[in-house]
Each structure stands twice: as C-alpha cells, then as structure tokens.
Amino acid sequence: MTYAELIAAVSRASCLPLAQAEAALRGLRLQMASALAAGGEIKLPGVGNFAVVAKAARSLPGPGGGRVEMPAGRRVRFRAAKALKERL
C-alpha cells in the first residue's frame with residue numbers, strides 16, 4: 001500500500017475529506033518520529049510496538065572476503081501484536 005492509497009483508505013474509513021486524512025497521517029508520522037527520536041516507545045493496540053534499541057558495533061563478512069565494520073547506533077524495532085500475528 002502506498003502513502004496515497006493509505007490516505008484514501010483512511011479517508012473512506014473515517015468519512016474525512018482527503019485533505020484532513022492526509023493532515024491526520026502527517027501528524028501521526030511527525031509524532032511517531034519525535035517520540036522515537038527521543039528514545040520513547042509507541043504502542044498501537046492490535047498492530048504492535050515500536051521501540052528504539054541500541055545496537056553494538058560489530059564486524060560482518062564483506063564482499064571479496066574482507067570484513068565490514070558496522071558502527072554502534074540506535075535502530076527502530078517493531079514487534080507485531082498478537083492480533084496482527086493471528087491475522088497473518
């Protein structure tokens with residue numbers, strides 16, 4: 001599903017005009033990004049949880065037999081909710 005298709009689906013499901021559905025999704029994206037950037041966690045019932053996790057630096061096999069060093073950093077982890085897992 002593309003972003004445009006998601007906007008249209010939200011518009012139909014909520015009986016909102018396309019512009020308001022797009023504004024709502026834009027606000028959701030901004031709030032999610034802000035919360036995750038601050039190290040928070042987002043829980044969406046029936047969908048899953050988004051959380052920021054710390055990843056240690058590591059060395060991986062690289063092309064041509066060499067090694068590639070991956071720096072430490074923070075990543076977003078998603079864990080699907082039980083309801084979503086059952087639907088899949």
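A residue is called buried under 20% relative accessible area, exposed over 50%, and partly exposed in between (1.4 Å probe, protein chains only). This briefing concerns a predicted model, in which local features need pLDDT of at least 70, side-chain atom pairs count only at pLDDT 80 or more, and totals for chains, interfaces and linings use all residues. Residues are numbered from 1 along each chain as its sequence is written, and side-chain values use heavy atoms, with hydrogens and water left out.

- Helix 1 covers residues 3–14; helices (H or I, at least four residues) and strands (E, at least two) are DSSP runs numbered from the N terminus.
- The 12 residues of helix 1 reach 16 Å from first to last C-alpha, close to the expected 16 Å, where the expected span is 1.5 Å times one less than the number of residues.
- Cys15 follows helix 1 and has a positive phi, near 60°.
- Leu6 is placed in helix 1 and counts as partly exposed because its relative accessibility is 32%.
- Together with Met1 and Tyr3, Leu6 makes a nonpolar surface patch of about 320 Å².
- Patches consist of residues with over 30% relative accessible area and no salt bridge, like charges being joined within 9 Å and nonpolar side chains (Val, Leu, Ile, Met, Phe, Trp, Tyr) within 5 Å.
- Accessible areas come from the Shrake-Rupley method with a 1.4 Å probe, and for residues only the protein chains shown count as cover.

- The whole structure contains 1 salt bridge, defined as a side-chain nitrogen of Lys or Arg within 4 Å of a carboxyl oxygen of Asp or Glu.
- Arg26 and Glu22 form this contact, with their closest N and O atoms 4.0 Å apart.
- Both partners belong to helix 2 (residues 18–37), where Arg26 and Glu22 are 4 residues apart, about one turn of the helix.
- Arg26 is partly exposed because its relative accessibility is 39%, and Glu22 is likewise partly exposed, at 33%.

**The positive patch**

- Lys55, Arg58, Arg75, Arg77, Arg79 and Lys85 form a surface patch of positive charge.
- Lys and Arg count as positive and Asp and Glu as negative, whereas His and the chain ends are not counted; a charge is placed at NZ of Lys, CZ of Arg, CG of Asp or CD of Glu.
- Strand 5 (residues 73–80) contributes the most to the positive patch, with 3 residues.
- Lys55 belongs to strand 2 (residues 48–55) and is partly exposed, with a relative accessible area of 39%.
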